[in-house]
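The tour goes from one selection to the next.

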Amino acid sequence: MKKNKFFALLLALCALPMWAEGVLQVIPRPAVCQEGDGTFVFSKKVNVYTDAYPGDSIRLVFNRFAQKLQAAAGVQCKEAEAGKAALLLKLNSQLGPEAYTLQVTPKQVCIEAARPAGFFYALQTLQQLLPTRAVLAGQPVAKGTKLTLPAVSISDEPRFGWRGFMLDEGRHFFGKDEIKKLLDVMAAYKLNRFHWHLTEDQGWRIEIKKYPRLTEVGAWRNSKVLGWGEVKPDGQRYGGFYTQQDAREIVAYARERFIEIVPEVDIPGHSQAAVASYPEFLACDPQNAHEVWLWQGVSPDVINVSNPKAVEFAKDVVDELTDIFPFGYLHLGGDECPTNKWEQNADCQKQLAEIGSTKYRDLQIHFYRQLQDHIAAKPQAQQRKLIFWNEVLHGNTAPLGTDITIMAWVGADAAAKDAAQRGLRTILTPQIPYYINRRQSDLKSEPRSQGHGTETVEAVYNYVPMAGVDADLQKRYMGVQANFWTEWVEEPNVVEYLMFPRLAAVAEAGWTPQSLRKYNDFLNRLQKESEYYQLRGVDYGKHVIK
């Protein structure tokens, strides 16, 4: 409450002439920004003061920025007393956990925040205010470029606590370097959740030591291209996976950028790669042949949730994921899970009667409840809150209680409202227009993907999260997330082209107050991003950048 009152006061005080639209090319747009007179010029040596903080983490945040500054422009930052510093990082306990203020005058730059995250986000803004994106991109500044900052007063904090991006690597695998590159751009846009979709019918991408065949068998298939319609499997041996050490390395890399990773293991549907690895206890029909799927769409080959060994398998997977990924959330999928094979399986029929139901969908909820109980029995530090896609709402979710989170994608606005009315937390991930794997224009140069080109940058930007939602339900809306599914996307450069700059539009929806969001203003600020994308080495949709 103290933070909200303080921020409301800032908004009221700053309801004065602010920045001209598109002049300060910062994405996402800060909540409050007033331009001043003059500029701050970085000399080759800059005196810096940072307040003390447990673990010295404010200094760690600044030191990473200072290393980039020196590598890019030869600027050296030296610790000094507050009274002699040109760059100050000061604690302000009145601010929220991700909030910051940034005051730039010709003589001094002062950043205030309550937590290391706030200082990190202030430094992202500061790097965007420089005349070049080279520092932000971690590249050398062009010869003769003078590093300056415009005089400005910014008071800023995010609209939502969850500002996410999901990448599907179950269908196609891209590797550590690509993931780190995407995390860098996410951090620049103040996104803070990377939802890592690691398993699918078409591939299992994370090492589980107790079940080595998941990656020996499940990570590989006999086609790079996934069949659909006239497109047929190509017979190429294709795959890949992350070792647990790889995953830990990426988790650490993300956390340095204040991004938490949410792993998703999609069970019991979308699990044919797992079933093909251990058909003897995961399959509903182990007597039949099973292989990692070569096609798009929804496979009927789901996990036999009534086999005790399958439940044990799921618990073991949860245990290993918990050890790798320290964030407090775990995504178990729950979408598009056909019940046909359960209906034909004697064990499933028996279990359905035992739980007193006639709806086979309730077997899925019963399966999740067993995992939930398993997690609840762990020590507090190892407990995780579960996230599901909104199809889970079609079953009786009462046994799962209200301590679950629903990602709303199909009929997202209605599904999110339904979840909130049931007392559940929800995250908006609308298929239209936040599935940014879909074509972003109708140009002939557009790569092969889904959609008709109507999910343009403008359409993505103009989606209004939480529109018309009653105030008493809004507290259950955690935030927004863009999703990228890779059925049609085999190469990293195509992932990048389709992501950018649409991911910037989603980032602004997650950060900037809705009242300040205007597409033309965003489009003007977007023009600077071509320099950043090129310096960072990512592909992007050039048709919206002049």
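Strands, as named on this tour, are DSSP runs of E with at least two residues, numbered from the N terminus. The model is predicted.

**Stop 1: a residue in β14**

Select residues 260–264, which make up strand β14, and pick out proline 263 within that strand. Is proline 263 buried or exposed? Buried means under 20% relative accessible area. Proline 263 has a relative accessible area of 1%, so it counts as buried.

Now show what surrounds the residue. Apart from neighbours within four places in sequence, proline 263 is in contact with Trp196, Leu198, Phe325, Tyr329, Leu330 and His331.

**Stop 2: the seven-stranded sheet**

Next, select strands β1 to β7. These seven strands form an open sheet with mixed pairing, and the order across the sheet is β1-β7-β5-β6-β4-β2-β3. At the edges are β1 (32–41) and β3 (76–79), each of which pairs on one side only. Going from one strand to the next, the twist averages 20°.

Inside the sheet, select β4 (residues 87–91) and β6 (residues 109–113). The two strands run parallel and are joined by five bridges. Show leucine 89 and look across to β6, where isoleucine 111 stands opposite.

**Stop 3**

**Stop 4: where the helices meet**

At what angle do the axes of α2 and α3 cross? They cross at roughly 20° and come within 8 Å. Angles under 35 degrees count as roughly parallel, so α2 is roughly parallel to α3. The crossing is right-handed.

Show side chains for the contact. From α2, select Ser57, Ile58, Val61, Phe62, Phe65 and Lys68. From α3, select Pro116, Phe119, Phe120, Leu123, Leu126 and Gln127. Coloured by class, the contact of α2 with α3 shows nine nonpolar, two polar and one charged residues.

Note on methods: Residues are numbered from 1 along each chain as its sequence is written. This is a predicted model: local features need pLDDT of at least 70, side-chain atom pairs count only at pLDDT 80 or more; totals for chains, interfaces and linings use all residues. Side-chain values use heavy atoms; hydrogens and water are left out. Two strands pair if DSSP finds at least two bridges between them. Helices (H or I, at least four residues) and strands (E, at least two) are DSSP runs, numbered from the N terminus. Axes are lines fitted to C-alpha atoms, for helices over the stretch in contact, and angles run from 0 to 180 degrees between N-to-C directions. Angles under 35 degrees count as roughly parallel, over 145 as roughly antiparallel, 65 to 115 as roughly perpendicular and the rest as oblique. A crossing is left-handed if the near helix is turned anticlockwise from the far one by less than a right angle, and right-handed if clockwise. Contact means heavy atoms within 4.5 Å. Ala, Val, Leu, Ile, Met, Phe, Trp, Tyr, Cys and Pro count as nonpolar, Asp, Glu, Lys and Arg as charged, and the others, Gly among them, as polar. Buried means under 20% relative accessible area, exposed over 50%, partly exposed in between (1.4 Å probe, protein chains only).
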